[in-house]
Structure formats: C-alpha cells, structure tokens
Amino acid sequence: MERKHVDKYKKIGQAIKETRKAKGLSQAELAKKIGMSKSYISKIEAPNTDKPFSLEILFDIAEALEVSVTSFFQYVDNDKR
C-alpha cells in the first residue's frame with residue numbers, strides 16, 4: 001500500500017531535526033521530554049523516512065522545542081528544502 005504525503009513527512013522530519021539541533025538538544029534529550037524512544041525520534045528525522053506520525057506527537061515535539069507547531073509546516077511549502 002502506497003503511503004500518502006511521504007515527502008511532507010520527510011520535510012517535517014528535517015524541520016524537527018534542524019530545530020532540535022538549533023536548540024542544542026540531542027535526539028535522546030528530545031525523546032525523553034516527550035516520552036518517546038530515541039529510535040522513534042531518529043526514524044522521524046531520517047532523511048529517507050516513510051514513518052508517519054500523529055499530530056499529537058508533533059504538538060509534543062513543538063512544545064518540547066518551545067516553537068509553534070506551524071513552524072514545521074513552513075518546510076513543507078518551501079521548495080528549497
């Protein structure tokens with residue numbers, strides 16, 4: 001079964017990665033803040049990911065990184081990423 005919106009998940013994952021790094025957090029630290037495993041964060045951030053994730057997780061990540069959830073969607077509409 002083909003997954004819809006794979007490219008969008010990839011771009012959001014890269015936005016999460018860039019934001020996390022800019023905030024000086026490791027994947028393990030972010031994972032701990034949201035109650036997930038490091039491997040789950042790693043899968044979300046992987047450039048070749050096809051891992052879908054819920055809005056609940058996205059909201060948790062945004063809160064942990066102290067950014068607006070909408071900041072991640074800028075990457076989806078930006079052709080440069």
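Helices here are DSSP runs of H or I, at least four residues each, numbered from the N terminus. All the views come from a predicted model.

View A. Look just past helix 2 and you'll find G35, with a positive phi of about 75 degrees. Helix 2 itself covers residues 27–34.

**View B. The buried side of helix 2.** Here we zoom in on Q27, L30, A31 and I34, the buried residues of helix 2. They sit on the same side of the helix, because the arc they span around the axis is only 100 degrees. What do these buried residues pack against? Their partners are helix 1 (6–22), helix 3 (38–45) and helix 4 (55–65).

View C. K38 belongs to helix 3. Skipping its neighbours within four places in sequence, K38 touches Q27, A28 and A31. Take the pair K38 and Q27: eleven residues separate them in sequence, yet their C-alpha atoms are 5.7 Å apart. K38 has a relative accessibility of 46%, so it counts as partly exposed.

View D. L55, F59 and F73 together make a nonpolar surface patch of about 290 Å². F73 comes from helix 5, residues 70–77. Is F73 buried or partly exposed? It's partly exposed, because its relative accessible area is 35%, and patch members need over 30%.

Note on methods: Residues are numbered from 1 along each chain as its sequence is written. This is a predicted model: local features need pLDDT of at least 70, side-chain atom pairs count only at pLDDT 80 or more; totals for chains, interfaces and linings use all residues. Side-chain values use heavy atoms; hydrogens and water are left out. Patches are made of residues with over 30% relative accessible area and no salt bridge: like charges are joined within 9 Å, nonpolar side chains (Val, Leu, Ile, Met, Phe, Trp, Tyr) within 5 Å. Accessible areas come from the Shrake-Rupley method with a 1.4 Å probe; for residues, only the protein chains shown count as cover. A salt bridge is a side-chain nitrogen of Lys or Arg within 4 Å of a carboxyl oxygen of Asp or Glu. Helices (H or I, at least four residues) and strands (E, at least two) are DSSP runs, numbered from the N terminus. Buried means under 20% relative accessible area, exposed over 50%, partly exposed in between (1.4 Å probe, protein chains only). The arc is that of the directions from the helix axis to the C-beta atoms. Contact means heavy atoms within 4.5 Å.
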